[in-house]
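Okay, thanks for coming, everyone. Let me put today's structure up, and then I'll walk you through a sheet and a cavity.

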Amino acid sequence: MGSLFRSEEVVLVQLFLPTAAAYACVSQLGELGLVEFRDLNASVSAFQRRFVVDVRRCEELEKTFAFLQEEVRQAGLALPLPEGVLPAPLPRDLLRIQEETDRLAQELRDVRGNQQALRAQLHQLQLHSAVLGQGHGPPLAASHTDGPLERRPLLQSPGGPHQDLRVNFVAGAVEPHKAAALERLLWRACRGFLIASFREMQQQLEDPVTGEPATWMTFLISYWGEQIGRKIHKITDCFHCHVFPFVEQEEARRTALQQLQQQSLELQEVLGETERFLSQVLGRVQRLLPPWQVQIRKMKAVYLALNQCSVSTTHKCLIAEAWCATRDLPTLQQALQGSSSEAGVSAVVHRIPCRDMPPTLIRTNRFTASFQGIVDAYGVGRYQEVNPAPYTIITFPFLFAVMFGDVGHGLLMFLFALAMVLAENRPAVKTAQNEIWRTFFGGRYLLLLMGLFSVYTGFIYNECFSCATAVFPSGWSVAAMANQSGWSDAFLAQQPLLSLDPNVTGVFLGPYPFGIDPVWSLAVNHLSFLNSFKMKMSVILGVTHMTFGVVLGVFNHVHFGQWHRLLLETLPELVFLLGLFGYLVFLVAYKWLRVTAAGAASAPSILIHFINMFLFSSSPTNRPLFSGQEVVQPTLVVLALAMVPVLLLGTPLFLCREHRRCHSRRSPQPDKDTARLLDLPDTSLASQGSDEEKAGCPGDQAEAEFVLSEVFMHQAIHTIEFCLGCISNTASYLRLWALSLAHAQLSQVLWAMVLRAGLSLGGEMGVAAVVLVPVFAAFAVMTVAILLVMEGLSAFLHALRLHWVEFQNKFYSGTGYKLSPFTFAVEGE
Amino acid sequence: MAYTGLTAPLVMMSMFCGFVSFLVPWFISKGPNQGVSITILVTCSVCCYLFWLIAILAQLNPLFGPQLKNETIWYLKHHWP
């Protein structure tokens, strides 16, 4: 069947890598991605391993790469993806890469520092020129017109002539949010011995550090008195204002302003040059960094893998243990030969036996990958146990569709998935980063099948956006009923509801050939019929699914050579399951086939029969379905109950007996074959086919594993789980009914309340057409949001649960681990 | 249209599903996916056949008929055969 049926054969190999060629060999293995290395130095800490120095060098380089990447990102550029095949560099190339990287990083740091300094300077110059350039009203005007009066004391101070009453100026710039506070503080502190004028600058300046534009406020304070002056300076210092010298004469100010402007022009030129150089450096980084990143990552991975090998000093080589699929062994041999040919001594590979459970390897293509993914999400299968995935490919979409059945919704889902599948090779689609989109895209084949099966079940349920279609003529004839029962128009006008009676000839012509008859969608009591139909359908599908699960367990027992479990576990399980619930399915089918409308009044109730079967009683009003039922039912119950002790005690007693037999037989001679029988029921045997050497006596080890109480406990749990689970799991399948009912009702509500209400609007043709547009929009949005997305997710979840719990606990243990080969490919690509 | 009951649809559907599950597998090309393809075909036809069978058997001998509104009856009396 290929490797999807169960895990491929995986063996443990030992690699002898000559020291000179070890790096090249491991690098080649990383490119191929065939083997999973086992850590032979697990007891050694990371700092004491052999290649820790090389790993550390790689890590330091990666830090520098991170710094360079951050710089590139800050500048708003993107790093292009590396192209082509980039093998891990040789150790001597590492030095060159290191040098170049350090040089680039240093250059970048220098240039950045220069740029910052120049920007700060420019900022200062701009502030200064703004302060000088902006006119500040009355104080300047006063100094213009009242030239000779400037020196006139403005205030008669009582203090005396020694006070200096010359007007001084403090000019500067302050950040806008501090301006109001500054003004208030100045006023309060200097008590009106100053005149301050605040003006907003006309242009916005970029903050040199953050690059954000900010509008600074310039101020001009005119004061008199030295003490006031000192206070003002302290306050402006406190507020971190930039204070510039302010000359009173306007010509001097103008010259100063011109000088400043010239300086700032020059500075801007220099800044421009600096930024051009910076972009040059960044361009080089963009070109060189991506391939280096890939190479150094590979190199680090190789050294980490080499750290897991043990050193054999006598043979001057490294010994590695790895898991490898048997099918890949020739490729592995070839790769190692090729890589180590230059060193002269070639690398050697050979298989070694192992008692540990090997990892599971199941090769999938892009179609089967999503189904294997949902199986693995529950648990990766044990080595070589039966894989549920190939059956899940069909049963999962099928059970989803049973809960989702609607032609219209299924078609929409199918088309959406088809669009994704047809566009799957487009680069724009492959590199999209949105999480939700990636989730949907990863499950496109799943959605495709789900949509397809939903269309099929929609045809069977006869629902297309909750409307039934009469592809074939209906099997119920209203005309015949009306004619035979004398339903005149007058009679009809009086009776709001009337039932068609299948007993009347000509009314029921036969079952609808494909699906549910369309007349039921017009009936008021359609739920009575549908509920009965869907509940029975759920039970039938459930029992079939579970029986299939038990049968799959047979393959496990045969493969692992545990023949006793066929007789002592599978057979009792099947008898129990089929004897009770298979009988229920039989009752359902029998009633469908045998009980006709003629006997409808006294039709037996399956539910009552089933309850009475377990209670060993009978209801007089419930007639038997078939003759002999009173004998058959108790027999089946007794048989099923008799299977419980077989299931509970059979395997443990058998194993006990085998253990004792082997024990008594071991004293004369060791018997290798009994090692198999002594394993615990669920231990899988690892590659017994490749038994070269036996490590020690397997009998002793296996004997230590056989603890009688554990075996009994394990079997008791399994028995209880199975028997109680039969009942609860069968009931659990009723969710197929529940969800399909919910879906049908929701879509019917949407149809009746939204679209039908819109379509049945009276009035002019034009008006109705225009009104229909928003009505349809509402219908479409709610269909997609509620019915497709919400109901789809819900049905997906429940179908998943049915698979994971009800189906897989009949045969699947899921306690293995995946083969994760040593590879350079990044996850998710 | 006179119905023949169960036989005609049963034969048609059985033939179709039998064709898909017994005949088509012989034509699947031998390759790594042969096993999976055959499993898919067989499982699909079994599931679809079972589901269709349940639907038709449930309607074979109805114990009660649909209860219709008088408007529906009036319409169907004249428009359905």
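So, in what order do the four strands of the open sheet in chain A come? They go β4-β7-β3-β8, with antiparallel pairing. Strands here are DSSP runs (E, at least two residues; helices are H or I, at least four), numbered from the N terminus, and two strands pair if DSSP finds at least two bridges between them. β4 (194-200) and β8 (242-244) of chain A sit at the edges with a single partner strand each, so one side of each has no neighbour in the sheet. From one strand to the next, the twist averages 25°.

Quick housekeeping: this is a predicted model, where local features need pLDDT of at least 70 and side-chain atom pairs pLDDT 80 or more, while totals for chains, interfaces and linings use all residues. Residues are numbered from 1 along each chain as written, chains are lettered from A and ligands numbered from 1 in written order, and side-chain values use heavy atoms, without hydrogens or water.

Back to the sheet. Eight bridges join β3 (residues 167-174) to β7 (residues 217-224) in chain A; in one of them, A:Asn168 partners A:Tyr223. Helix α5 (residues 176-190) of chain A packs on the sheet, touching β3, β4 and β7 of chain A, where contact means heavy atoms within 4.5 Å. Helix α6 (residues 226-238) of chain A packs there too, touching β3, β4, β7 and β8 of chain A.

And which helix gives the most to the lining of the largest cavity? That's α24 (residues 708-732) of chain A, with six residues.

Note on methods. Axes are lines fitted to C-alpha atoms, for helices over the stretch in contact, and angles run from 0 to 180 degrees between N-to-C directions.
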